[in-house]
Amino acid sequence: MAATETFDMTAIRARFPALARPGRDGRPVVWADAPGGSQMVDTAIDAVAGRMRAGASNTHGVFPVSEDIDALILDARRAGADLLGCDPHEVVFGQNATSLLLHLSRSIARTWTPDDEIVVTRLDHDANVRPWILAAADAGATVRWVDVHSDDVTLDLDDLAGAIGPRTKLVACTLASNAVGTMPPAAEVVGIAKQAGALVALDGVHLAQHRAIDLHGLGADLVATSPYKYFGPHQGMVAVRAELLAALTPYKLRAAPDEDPDRWESGTQSHEALAGTIAAIEYIAELGGGGDRRSAIRRGYDAIESHEHRLARRFLEGIAAVPRIRLIGIGDPTRVAERTPTFAIRIGELDVLDTCRALADRGIFTWDGHYYAIEVFDRLGLLESGGAVRIGFCHYHTVEEVDRVLEALADLAR
């Protein structure tokens, strides 16, 4: 399918079987919490099942199924490299992004001392905060926090610049907030950190559903993603600059491989998940018209971005007309390029869990709470009162679904 400004939504939605799930009123439900995990594309479902049907084996055996697994892992690294703008030997797989960041943080912190500092932000998911804080505590290093602007929940770049100094060893920052959709200016964040000689750890889990990521283009040291957020199975995938991988010593078993990136992958991987991840990445390339996969992926994301801008503008313009609804984050429809179509709201004094239940009764699936973005809700004074209701769209959602959500919210806000 060629990358155009408007998708063939009938064709797109046919690729996601879960989207046809009927609600109580007979209409398909609206899966309006894409940030919590996208639905899986049909080819990824088939790839997972196909790998399992073909037989299970561990790696490096002398029989065909094991050789197939070895080839699959290499193919998965190549696909991951095309997605994240790196080389195949810089791609590390694991159970999930959180586990991989905990694993990497322990090894990176081996070199830290009590004189060192790290920088984390209040915009981030806890998976790109707590691993670094725990590692800093083990080393006796100091943690410095970067604040957000309370009005539009964007990263305070002046605060970032002030937090980074000659003792900074690492800066951890999200590429997009899984709670409010804010996309910090990644190149600027990396540039400030690199001027101080610090490593940069980026959380791309939320962004990878919506925009292209280029590790080398950004000049960062690592970026974490989760394929189940971008139309694949549950798994973690991190791209780590080769020089950094080689310089670190992982916590691993003696019998585990000694070569990068294999030595970072603890135990036996989910080979069926690797097959599904390849298929999910191939799907994004299909959206870009095929051809050279790395280029096609970028075109696919361009098409995704164009469609999602339309959805975001529709939602922001609609929500502004509904009384009693508080939108947390960027609300200006002209600023959709600064955010993903992920929205945190509260309706008057209505409990957020009750709001989600009422929406579920209308066939609209959303989420309540803090979604592990603990710091931002604490900073905004919303943590103890339940956080917010998260509503998130992606490229397989339609304008009609956005309108349906807006209609339900307006009904609840009366």
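These legends describe close-up views of a predicted model.

**View 1. Helix H2 packs against helix H10.**
H2 spans residues 42-53 and H10 spans residues 271-287. Their axes lie 8 Å apart and meet at an angle of about 150°. Angles over 145 degrees count as roughly antiparallel, so H2 is roughly antiparallel to H10. The crossing of the two helices, H2 and H10, is right-handed.

**View 2. Residues at the contact of H2 with H10.**
H2 contributes Thr 43, Ala 44, Ala 47, Val 48, Arg 51 and Met 52. From H10 come His 271, Glu 272, Ala 275, Gly 276, Ala 279 and Ala 280. By class, this contact of H2 with H10 holds seven nonpolar, three polar and two charged residues.

**View 3. Four strands form an open sheet.**
The strand order is E9-E10-E13-E12, with antiparallel pairing. Strands E9 (325-328) and E12 (367-369) stand at the edges. Each has a single partner strand, so one side of each is left without a neighbour in the sheet. Neighbouring strands of this sheet are turned by 35° against each other on average, direction ignored.

**View 4. Strand E9 pairs with strand E10.**
E10 covers residues 342-347 and runs antiparallel to E9. Four bridges join E9 and E10. In one of the pairings, Ile 328 has Ala 344 in E10 as its bridge partner.

**View 5. Helix H11 packs on the sheet.**
H11 comprises residues 293-319. The helix touches E9, E10 and strand E13 (388-392). The direction of H11 makes about 15° with that of E10.

How values were computed
Residues numbered from 1 in each chain as written. Predicted model: local features only at pLDDT ≥ 70, side-chain atom pairs only at ≥ 80, totals over all residues. Heavy atoms only, no water. Axes fitted to C-alpha atoms, helices over the stretch in contact; angles between N-to-C directions. Parallel < 35°, antiparallel > 145°, perpendicular 65-115°, else oblique. Left-handed = near helix turned anticlockwise from the far one by under 90°. Contact = heavy atoms within 4.5 Å. Nonpolar A, V, L, I, M, F, W, Y, C, P; charged D, E, K, R; others polar. Pairing = 2+ DSSP bridges.
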